[in-house]
Amino acid sequence: DRNMKATSMINLGYIYTQSGLFQRGMDTFKSSLEIAEIIENPRLVAYNQLNIGLAYFRLGEHESSLMVLNDAQHNLEEIGDTFAGASCLTYQGLNLEAIGDCALADECYTQAYEVLQQVRVPGYAMDAVAGRARCALAMGNFAEAVEHVDQVCAYLEGNGSEAMEFPILAYLTCARVFEIAGDQERRQKSIDDGYRQLMDRAEKIKDSMWKNVFLEEVPENKELNCVK
């Protein structure tokens, strides 16, 4: 069952990528993509492109990521997958933010947020709001940045972080904005809450090598460990 095999490999590649094993994730996605193209499954092709874009982002290859995400966006629109298309916008925003194009990144995050709200995926929508906060901070729009992190913090306090794709990055974003705003109490709370979430996740990883990779290779995890 090559459909099932390709789908399973996407899931496995995503676990690798979220755990910090970025190249292993990339290799798994590319192998899955080969199968998806052979069996001519457009959904699996698009999902592999989306996840290859994420892996390229984690590897710091932002131009390559943006190129494959552009293809993924087109293919996701073709099959009418609104949720994945919104995730693609968030990934594009992450890359654009990383290369310093915060104005365009903010546009991507804004579009992602609007769609994710419409399809009722609030956790992923908060990832986009956190992205907007970082862009506002980078562009010197401090009041706007505080407004965005207030929204993120309200969500985290009411719902927790389990439904978010990049929760530790969200906690760090809140801490950075509160530090600039001079609110040391809320900054420290964001760091403490984020650290607890990080350690809870790390404790679920029984393999010591994987746990170390998760804490050291995922940039926001390493940063939070350092500031803590």
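Guide: In H6, the buried residues are Cys102, Ala105, Asp106, Cys108, Tyr109, Thr110, Ala112, Val115 and Leu116. This is a predicted model, in which local features need pLDDT of at least 70 and side-chain atom pairs count only at pLDDT 80 or more, while totals for chains, interfaces and linings use all residues. Residues are numbered from 1 along each chain as its sequence is written, and side-chain values use heavy atoms, with hydrogens and water left out.

Visitor: What covers the buried residues of H6?

Guide: Helices here are DSSP runs of H or I with at least four residues, strands are runs of E with at least two, and both are numbered from the N terminus. The cover over the buried residues of H6 includes H5 and helix H7 (122-138), judged by contact, which means heavy atoms within 4.5 Å.

Visitor: How far apart are the end C-alpha atoms of H6, and what span should its residues give?

Guide: The expected span of a helix is 1.5 Å times one less than its number of residues. The 17 residues of H6 (residues 102-118) should therefore span 24 Å, and the end C-alpha atoms are 24 Å apart, which agrees. Just after H6, Arg120 takes a positive phi of about 60°.

Visitor: Which residues of H2 are buried, and what do they pack against?

Guide: H2 has 17 residues and reaches 25 Å from its first C-alpha to its last, close to the 24 Å expected. Its buried residues include Phe22, Gly25, Met26 and Phe29, and the buried residues of H2 pack against H1, H3, helix H11 (208-217) and H12. Just after H2, Glu40 takes a positive phi of about 55°.

Visitor: Is Gly20 buried or exposed?

Guide: Gly20 lies in the loop between helix H1 (2-19) and helix H2 (22-38), and it counts as buried because its relative accessible area is 7%. Leaving aside neighbours within four places in sequence, Gly20 is in contact with Val213, Glu217 and Val218. The C-alpha atoms of Gly20 and Glu216 are separated by 7.9 Å, although the two residues are 196 residues apart along the chain.

Visitor: Which side chain does a polar contact join to that of His62?

Guide: A polar contact is a pair of N or O atoms within 3.5 Å; within protein, one must be able to donate a hydrogen and the other to accept it, and residues adjacent in sequence count only if both atoms are side-chain atoms. For His62, in helix H4 (residues 62-79), such a contact of 2.9 Å joins its side chain to that of Asn95. His62 counts as buried because its relative accessibility is 17%. Leaving aside neighbours within four places in sequence, His62 is in contact with Phe57, Asn95, Ala98 and Ile99.

Visitor: Which element gives the largest share of the lining of the largest pocket?

Guide: The largest share of the lining of the largest pocket, six residues, comes from H1.

Notes: Buried means under 20% relative accessible area, exposed over 50%, partly exposed in between (1.4 Å probe, protein chains only).
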